[in-house]
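I opened a notebook on this structure and wrote down what I looked up, in the order in which I looked.

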Amino acid sequence: MSNEKTRIKTITYTALFAAISTVLMFWSFPLPFMPPFLKLDLSGVPILLCAFMFGPVPGLMAAAIKNLINAAFSTSGGIGELADFLILGSFAATAALVYRRKHTRRGALIACAAASGVMVVVGMLANRFLLIPFYMQLMPIEKILSMCAAVNPMIGSLNTYVLFGAGPFNLVKALVLSLITFLLYKRLHLLILRESAPVSTPSGQGTDGAHS
């Protein structure tokens, strides 16, 4: 496939994955024993699929598009969307960079494991320096911590919230996103490759090659 066709395919699928991710972000649910304002959604799955298939930059672009669109409906003044971009963007970019070095099933597992670790760290930092300061403008920190302690008694301070609330939540989220992506990636990638394959001439030979 020519460079121009590859570029068009990448842009098209990046936009498609971003659109799917935008829709998925509207459906979220809380997790047991987690702070009530931390909710799991599956919008990271299309982002991670995009990064695996096309590389870290398209993955970051899909995450940026999704959050720019959702910012129009934001109740956090864009803070939540910024945090989400940093968390999911670092997750997808790390996975893509690691997977690029080893295109195997084992490489994908290592990529997801490395990306999960990065997501936990970035998620903890984003909660500590972006999300909690935002919520503190809406209610006292004591009330936030009491809400968290009601579902997780280990949370009694800002630091314990980061360690026992934000950290485990992002770990669970990373594992869920990785598992779903791992199950979907191969089939979806093969489908895209088939759709991108050249149309055969009567002699049975294609007009150009196809690759991802």
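The entries below go from confidence to charged pairs, then to one helix, and then to aromatic rings.

**Entry 1: confidence.** I noted before anything else that this is a predicted model. I looked up the mean pLDDT of the protein and found 88, with 89% of its residues reaching 70 or more. Over residues 199-212, however, the pLDDT is below 50, although this stretch has 24 contacts in the model beyond near neighbours in sequence. Where pLDDT is low, the predicted coordinates should not be read in detail. Among the elements, I found the highest mean pLDDT, 96, in helix 3 (residues 56-71), and the lowest, 87, in helix 7 (residues 158-196).

**Entry 2: salt bridges.** How many salt bridges does a search of the whole structure find? The search gave me 3, and I took them one by one.

I began with Glu4 and Arg7, which form a salt bridge whose closest N and O atoms are 2.9 Å apart. Both residues belong to helix 1 (residues 3-24), and because they are 3 residues apart there, about one helical turn separates them. I recorded Glu4 as partly exposed, at 43% relative accessibility, and Arg7 as partly exposed too, at 46%.

I then turned to Asp41 and Lys173, whose closest N and O atoms are 4.0 Å apart in their salt bridge. Asp41 sits in strand 2 (residues 39-41) and Lys173 in helix 7, so this pair ties together parts that are 132 residues apart in sequence. Are these two residues, Asp41 and Lys173, buried or exposed? I found both Asp41 and Lys173 buried.

The remaining entry under this heading is the salt bridge of Asp84 with Lys66, where the closest N and O atoms are 2.6 Å apart. This pair links distant parts of the chain, since Asp84 lies in helix 4 (residues 79-101) and Lys66 in helix 3, 18 residues apart. I noted that Asp84 is buried, with a relative accessible area of 9%, and that Lys66 counts as buried at 0% relative accessibility.

**Entry 3: helix 5.** I looked up the span of helix 5 (residues 105-136), which has 32 residues and reaches 44 Å from its first C-alpha to its last, close to the 46 Å expected. Where does helix 5 bend? I found a bend of about 45° at Asn127.

**Entry 4: aromatic rings.** A search of the whole structure returned 9 aromatic pairs. For Phe26 and Phe73 I wrote down ring centres 5.7 Å apart and planes at 75°, so the pair is edge-to-face. Phe26 lies in the loop between helix 1 and strand 1, and Phe73 in the loop between helix 3 and helix 4, so the pair ties together parts that are 47 residues apart in sequence. At 49% relative accessibility Phe26 counts as partly exposed, whereas Phe73, at 56%, counts as exposed.

I next checked Phe52 and Tyr185, a tilted pair with 5.5 Å from centre to centre and 50° between the planes.

Lastly I asked which residues form one aromatic cluster, and I listed Phe37, Phe134, Tyr135 and Tyr161.

How values were computed. Residues numbered from 1 in each chain as written. Predicted model: local features only at pLDDT ≥ 70, side-chain atom pairs only at ≥ 80, totals over all residues. Heavy atoms only, no water. pLDDT = per-residue confidence, 0-100. Helix = DSSP H or I, 4+ residues; strand = E, 2+ residues; numbered from the N terminus. Contact = heavy atoms within 4.5 Å. Salt bridge = Lys/Arg side-chain N within 4 Å of Asp/Glu carboxyl O. Buried < 20%, exposed > 50% of the residue type's maximum accessible area, 1.4 Å probe, protein only. Expected span 1.5 Å × (residues − 1). Bend = angle between axes of the 7 residues up to and from the residue. Phe/Tyr/Trp six-rings, centres within 6.5 Å; stacked < 30°, edge-to-face > 60°.
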